Amino acid sequence: MVTGEPTPLTGRTLHGGNVRDVLLDRLVRLLGRDPETAKSRDIFEALATAVREELAARWVATQRRVARARVKRVCYLSVEYLPGRALVNALASLDGELLEAARAALEDLGFELDDVVAEEQDPGLGNGGLGRLAACFLDSLATLKYPAIGYGIRYDYGIFTQVIDADGGQRERASSWLRLRDPWEMPRPEARYQVQFGGRVAAEADAAGRSRHRWVDTSHVLAVAFDHLVPGNRSPTVNHLRLWSGRALMPFHIAAFNAGDYPGAVTDQLAAKNLSRVLYPDDSTLQGKKLRFSQQYFFVSASLQDLIATLLAEGWQVAELPDAVAVQINDTHPALAIAELMRLLMDEHDLAWAAALEITRRVFGYTNHTLLPEALETWPVSFFERLLPRHLAIIYQLNREFLDEVSARFPADHDRRRRMSIIDEEHGRRVRMAHLAVVGCRRVNGVAELHSRLMRETIFADFAALWPERFTNVTNGISVRRWLKESNPGLSALISEQLGHSWENDLEELERLRWAADDAAFRGRFRDVKRANKQRLAATIRERCGIEVDVSSLFDVQVKRIHEYKRQLLNLLYVIVRYNRIRAQPAAAVVPRTVIFAGKAAPGYLLAKAVIRLINNVARVVNADAAVGGRLKVVFLPDYDVSLAQKIMPAADLSEQISTAGFEASGTGNMKLALNGALTIGTLDGANIEIREQVGAEHMFIFGLSAAEIAAERARGYVPSEIVAADAELAAALRMIGAGYFTPDNTDDAQSIVDRLTGDGEPFFVLRDFHAYAEAQARVDALYARPDEWSRHAIINCLGMGFFSSDRSVREYAERIWNIRPVI
């Protein structure tokens with residue numbers, strides 16, 4: 001309960017000395033809440049509103065500086081963002097003292113900051129690493145004072161809320177992140193654009209006799225903007241993330257309603273809103289595929305219309321677009337932007353084909369995030385014919401000119417033309433979106449050294465031979481403000497005692513603390529911080545799962561999207577082997593271990609959902625076995641999101657980065673965990689390779705086949721049954737799974753996993769790497785049994801992560817791809 005009356009404000013700027021007064025003012029005058037009966041949610045909304053008002057003032061000033069400076073900016077297109085909760089980050093970004101001032105003000109009013117912060121829902125705008133990377137980049141762009149705007153979709157229900165059923169399986173429930181008012185959201189009703197679908201293409205001659213095309217007889221929906229402000233850390237810059245929500249031009253048909261057709265009265269509104277209902281609609285049905293396709297076009301069309309309108313309002317000319325903006329496509333989901341910009345330039349702004357293509361190629365860059373062929377999007381030509389006929393005509397012409405260039409460079413190489421064509425003629429005629437992106441962009445980058453090399457050598461080898469200068473690498477990074485300063489205040493304070501706060505905006509400053517790994521007092525304080533973080537996570541595990549865990553045990557963490565190539569099954573097989581060893585020798589000395597899983601499976605990915613069910617059922621059996629005596633616990637934390645990750649990362653001792661070599665583009669969870677003092681057990685995949693270069697191989701547990709060895713063994717013919725025959729422990733674990741030891745009520749489900757792992761040619765080499773993985777885990781046990789030495793390795797990992805800041809990544813994008821500079 002709050003006591004006291006609001007004090008009339010003496011100034012408009014929120015600062016450390018007036019937090020209490022500003023909060024009470026917003027509570028009463030804006031929210032209409034009585035201070036004496038206010039709840040934590042009311043206090044959160046009042047404080048968040050006051051902070052957002054200050055951010056808005058800085059945003060206006062930022063936009064004015066950028067417009068007056070007439071400089072190039074970056075536009076980031078991504079279908080997902082995972083920003084996490086905003087309150088603590090915004091308070092800390094505005095003023096180094098404001099966070100503690102808010103804490104004190106809340107305590108004075110009878111509230112705890114942690115309780116108020118917990119009232120905020122994680123925005124349901126993303127799912128995994130792709131969205132978290134996008135959010136880190138927006139943070140870094142603002143911190144480094146680069147002019148930028150992010151564009152995405154305002155999903156009403158996000159991806160989904162993950163619920164674990166009684167049988168251990170995942171059930172999807174609609175996310176409710178917008179159930180309550182979002183105080184960070186700024187509706188922009190004036191920023192609305194019509195997005196067209198369907199119709200036909202009409203050709204006509206203009207006054208000069210030139211052929212022109214018009215897209216006619218189309219249906220329309222409205223894209224309406226909502227902004228989220230993105231502050232830089234200790235920076236005057238505030239950029240914004242603009243999100244689009246679908247609306248009908250005529251949301252309600254009164255005639256249909258009056259005629260008794262109540263559903264028909266709102267049919268258009270329902271169809272329009274479906275475009276922004278959920279992230280990644282299940283595409284196992286034709287309707288789901290069409291919705292994803294329409295959703296992607298809806299988002300890029302609105303974004304490009306808004307971007308052009310903004311630049312024209314600032315006095316730029318359409319022909320100057322390459323000097324005014326760089327547009328980055330985050331994976332292939334926004335690749336329709338290439339055809340859409342061509343359409344806008346030609347049909348709406350009267351540019352000729354050649355001029356429009358030159359501008360488009362100079363504006364766009366494309367970031368590839370996967371080498372998995374099934375993850376490289378393709379769309380049926382029939383979708384274009386029915387929904388985007390004008391874009392299909394543009395793509396056909398672009399493809400003809402491109403293939404002519406290929407033929408000129410490689411005469412009579414018809415197979416090369418077939419491989420490189422934007423149109424796949426062999427699988428039902430489909431548009432290859434990755435090929436469209438490469439052809440339509442000036443730069444194409446991978447996200448780790450290995451990934452970028454394999455990208456050039458495999459999926460884009462033909463394109464790299466044609467345009468070698470078009471390809472580059474920018475290794476991913478993470479926002480230190482979110483993943484160390486905010487997530488791990490104990491470790492942050494320990495670092496700041498030695499370095500001040502400079503490391504917050506220059507992570508490579510950590511190098512100056514390398515000596516601390518050899519300082520016994522520092523190691524002791526580091527262990528104290530880690531133990532406190534583990535106690536916090538243990539409380540969350542108890543609350544969410546009802547499982548008691550030993551904070552002195554090794555916290556072994558694998559938290560990421562559930563997918564076969566990420567190999568949660570490799571980890572789980574070792575858990576079963578470890579369980580069997582304890583049962584076989586109950587008196588043997590064992591390093592206690594708590595194995596923690598978290599992550600979501602795509603609704604239509606049945607095998608991944610079977611893996612989640614098996615993890616939970618293994619946990620049920622292991623945790624209940626009195627013979628184990630608490631020496632091994634297995635936990636699956638449901639509904640993994642940014643806020644949960646911020647509790648897991650600081651508490652982890654061991655970071656499982658065990659994907660099949662050559663499959664993980666980069667990974668950023670590996671960076672977050674290492675920065676928080678976890679040691680990595682991993683393959684030579686993604687950014688693990690570069691982490692090894694920075695911290696030293698002796699401070700990691702590297703195992704398994706390399707990408708080259710995987711390719712060679714695949715060529716020879718991989719036979720998993722030979723591996724099983726040679727490893728009795730592994731064979732026993734597989735028999736237990738297949739026989740239903742852990743899932744007696746669902747043996748078919750478990751057997752499908754065994755069949756997948758033991759089938760000839762299994763693509764992810766889970767069993768092939770098992771022996772090396774088990775040996776690496778033995779080295780983990782040996783080191784963890786020496787706590788002081790473990791701490792030394794953990795500190796070296798933390799302090800060696802300076803290279804992996806998203807600030808460094810963004811600077812490289814700015815220099816190599818975007819050609820932008822900060823605006824001060």
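Predicted model: local features only at pLDDT ≥ 70, side-chain atom pairs only at ≥ 80, totals over all residues.
Local features need pLDDT of at least 70 and side-chain atom pairs count only at pLDDT 80 or more, while totals for chains, interfaces and linings use all residues. Residues are numbered from 1 along each chain as its sequence is written, and side-chain values use heavy atoms, with hydrogens and water left out.

Helix packing comes first. Two packed helices are described by the angle between their axes and the distance between the axes. Axes are lines fitted to C-alpha atoms (for helices over the stretch in contact), with angles running from 0 to 180 degrees between N-to-C directions. Helices (H or I, at least four residues) and strands (E, at least two) are DSSP runs, numbered from the N terminus.

Helix H22 (residues 520–545) packs against helix H25 (residues 642–651) at an angle of about 135°, the axes lying 8 Å apart. H22 is therefore oblique to H25; angles under 35 degrees count as roughly parallel, over 145 as roughly antiparallel, 65 to 115 as roughly perpendicular and the rest as oblique. The crossing of H22 and H25 is left-handed (the near helix is turned anticlockwise from the far one by less than a right angle; clockwise would be right-handed). On the H22 side, the contact (heavy atoms within 4.5 Å) is made by Lys530, Asn533, Lys534, Arg536, Leu537, Thr540 and Arg544. H25 contributes Leu644, Gln646, Lys647, Ile648, Met649, Pro650 and Ala651. By class, this contact of H22 with H25 has six nonpolar, three polar and five charged residues. Here Ala, Val, Leu, Ile, Met, Phe, Trp, Tyr, Cys and Pro count as nonpolar, Asp, Glu, Lys and Arg as charged, and the others, Gly among them, as polar.

H22 also meets helix H33 (residues 787–799), with axes that come within 10 Å and cross at roughly 90°, which means that H22 is roughly perpendicular to H33. Phe522, Arg523, Phe526 and Arg527 of H22 touch Pro787, Asp788, Ser791, Arg792, Ala794 and Ile795 of H33. Five nonpolar, one polar and four charged residues make up the contact of H22 with H33.

Elsewhere, H10 and helix H12 (residues 336–348) pack with their axes 9 Å apart, at an angle of about 45°, so H10 and H12 are oblique to each other. Their crossing is right-handed. Among the residues in contact are Phe293, Tyr297 and Leu304 of H10 and Leu336, Leu341 and Leu344 of H12. The contact of H10 with H12 divides into nine nonpolar, three polar and two charged residues.

Now to the rings. A search of the whole structure finds 28 aromatic pairs. Rings of Phe, Tyr and Trp (its six-membered ring) pair if their centres lie within 6.5 Å; planes under 30 degrees apart count as stacked, over 60 as edge-to-face and the rest as tilted. Phenylalanine 197 and tyrosine 297 form an edge-to-face pair, 5.6 Å centre to centre with 80° between the planes. This pair links distant parts of the chain, 100 residues apart: phenylalanine 197 in strand S5 (residues 185–197) and tyrosine 297 in helix H10 (residues 286–313). Phenylalanine 197 is buried at 8% relative accessibility, as is tyrosine 297 at 0%; buried means under 20% relative accessible area, exposed over 50%, partly exposed in between (1.4 Å probe, protein chains only).

Phenylalanine 402 and tryptophan 467 have ring centres 5.5 Å apart and planes at 40°, so the pair is tilted. Ring pairs link Tyr366, Phe402, Phe460, Phe463, Trp467 and Phe471 into a cluster.
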